[in-house]
Amino acid sequence: MSGPVALIYGDALMKHHLSDEHPLQPIRVKLAVDLIKSTGLIELAHLVPPRSATIDELHLVHSTEYVDLVRKLSDPAERRHVSASAIDAAGFASADNPISDELHEGTALVAGASLVAAESIESGAALHAFSPSGGLHHAHRDRASGFCTYNDAAIACQWLKELGHRVAYVDVDVHHGDGVEEIFQSDPEVLTISLHESGRWLFPGTGFPQDAGTGAGKGYAANLPFYPFAWDEPWLMAFDRVVPPLLRRFKPTVLVTQDGCDTHHLDPLAHLAATTRIWPRIGKAFHQLAHELCEGRWLALGGGGYAIYEVVPRAWTLLFAEMVERPDLAAEVDDPVSVEPQEEAQERVWTALRKDLTELGQVHGLDFSLPR
């Protein structure tokens with residue numbers, strides 16, 4: 001059923017290193033690939049090296065002025081001539097997005113890796129492709145944000161769109177996929193769906209059910225927030241209620257997924273209580289939907305995940321196992337049981353979820369309500 005699967009990785013991606021103290025560490029991608037190799041899953045796919053995105057490719061979604069600024073900030077000789085106001089306006093005055101000599105090169109490699117994945121699918125060399133270094137979904141057209149400088153997810157979506165695809169982008173990172181949504185908010189040829197912890201408690205503070213796109217793109221963005229301590233059962237139930245019907249109505253020709261695994265209860269930067277046990281379900285659902293709707297075309301990206309050693313390698317290995325249809329090879333790396341919060345927290349999660357699913361359904365003209 002799956003056909004050829006490509007995994008995009010090379011040690012050059014370790015250049016995407018923001019700082020030694022930064023939560024986003026590239027070693028997590030290497031650890032995931034190492035686990036994919038040690039389980040034998042890599043034998044069912046082909047490993048493809050990344051390349052740097054060209055300037056023209058970065059311009060698919062980013063302004064010329066912004067890319068020029070990032071390149072200047074990456075050059076110590078040029079950096080001193082950039083004004084503090086320009087640095088602030090472009091998002092680099094925050095510790096979230098530190099300036100370094102390899103800022104442009106490192107993040108251009110991430111964008112290039114995701115484009116290699118898209119190219120593999122478009123050329124027919126692969127039916128499914130995974131770019132675990134990708135998923136930098138917070139970067140905006142002319143501003144860095146949330147650890148993200150170039151928005152590889154949006155670049156890949158735009159590249160595929162310009163080849164004539166109807167692109168469905170589904171983001172399951174614990175943080176709202178605000179950058180991708182904003183870039184395509186008025187575009188009816190790209191559907192964006194984001195499931196995330198509510199912006200009432202978590203960065204970037206956006207992504208509520210009423211946020212559904214603008215202008216010609218009204219109705220082509222969907223957002224489902226979760227209350228803190230949402231665990232596997234409500235998360236998966238909501239995913240199943242929302243994602244398949246929206247995709248079936250949109251009828252995409254390619255599926256792009258952002259697979260941040262910071263929904264895990266061990267993640268230090270968020271407040272959900274999921275386990276790795278959601279990942280076989282997520283991977284299987286994406287796999288089946290890609291074949292049902294997109295002739296199998298599925299581009300999977302990494303994303304957030306800050307329990308670098310405890311969670312990220314296992315979550316992405318479980319996802320990849322579904323891509324190659326050998327979940328048995330990764331079964332032993334899964335969490336043994338789900339984690340449930342106390343009853344009071346459970347009631348808050350279910351109450352908020354029912355309300356948000358009702359509102360989301362009203363916005364999109366579909367019935368997402370949970371069975372009683």
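## Helix H9 and its neighbour H10

In this predicted model, a set of residues in helix H9, namely Asp232, Trp235, Leu236, Phe239, Asp240, Val243, Pro244, Leu247 and Arg248, meets Ile278, Arg281, Ile282, Ala285, Phe286, Leu289, Glu292 and Leu293 in helix H10. Two packed helices are described by the angle between their axes and the distance between the axes. Helix H9 covers residues 232–250 and helix H10 covers residues 278–294, and the two pack at an angle of about 10° with their axes 11 Å apart. H9 and H10 are therefore roughly parallel to each other, since an angle under 35 degrees counts as roughly parallel.

## Helix H9 and helix H12

Helix H9 also packs with helix H12, which spans residues 343–364, and here the axes come within 11 Å and cross at roughly 5°. That makes H9 roughly parallel to H12. The residues of H9 that take part in this meeting are Glu233, Pro234, Met237, Ala238, Val242, Leu246 and Arg249, and on the side of H12 their partners are Val349, Trp350, Leu353, Leu357, Leu360 and His364.

## Aromatic rings

A search of the whole structure finds twelve aromatic pairs. In one of them, the rings of Phe226 and Trp235 have their centres 6.0 Å apart and their planes at 20°, so this pair is stacked, the cut-off for stacking being planes under 30 degrees apart. Phe226 counts as buried because its relative accessibility is 2%, and Trp235 counts as buried because its relative accessibility is 1%.

## Helix H7 and Leu160

Helix H7 is mostly covered, with nine of its eleven residues buried. These buried residues are Asp152, Ala153, Ala154, Ile155, Ala156, Cys157, Gln158, Trp159 and Leu160, and they pack against several other elements, including helix H2 (55–58), helix H6 (103–123), strand S4 (167–171) and strand S7 (254–258). Just after H7, Gly164 takes a positive phi of about 100°.

Leu160 lies in this helix, which runs over residues 152–162, and Leu160 counts as buried because its relative accessibility is 1%. Leaving aside residues up to four places away in sequence, Leu160 touches Ala118, His165, Val167, Val254, Val256 and Leu299. Leu160 and Arg71, by comparison, are 89 residues apart in sequence and 25 Å apart in space, C-alpha to C-alpha.

## Thr39 in a loop

Thr39 has its place in the loop between helix H1 (27–38) and strand S2 (46–48). Although it belongs to a loop, Thr39 counts as buried because its relative accessibility is 15%, and the cut-off for buried is under 20%. A polar atom of the Thr39 side chain lies 2.9 Å from the backbone oxygen of Ile36. Thr39 also touches Thr317 and Leu329, when residues up to four places away in sequence are not counted.

Notes. Residues numbered from 1 in each chain as written. Predicted model: local features only at pLDDT ≥ 70, side-chain atom pairs only at ≥ 80, totals over all residues. Heavy atoms only, no water. Phe/Tyr/Trp six-rings, centres within 6.5 Å; stacked < 30°, edge-to-face > 60°. Buried < 20%, exposed > 50% of the residue type's maximum accessible area, 1.4 Å probe, protein only. Helix = DSSP H or I, 4+ residues; strand = E, 2+ residues; numbered from the N terminus. Polar contact = N/O pair within 3.5 Å; in protein donor to acceptor, adjacent residues only side chain to side chain. Contact = heavy atoms within 4.5 Å. Axes fitted to C-alpha atoms, helices over the stretch in contact; angles between N-to-C directions. Parallel < 35°, antiparallel > 145°, perpendicular 65-115°, else oblique.
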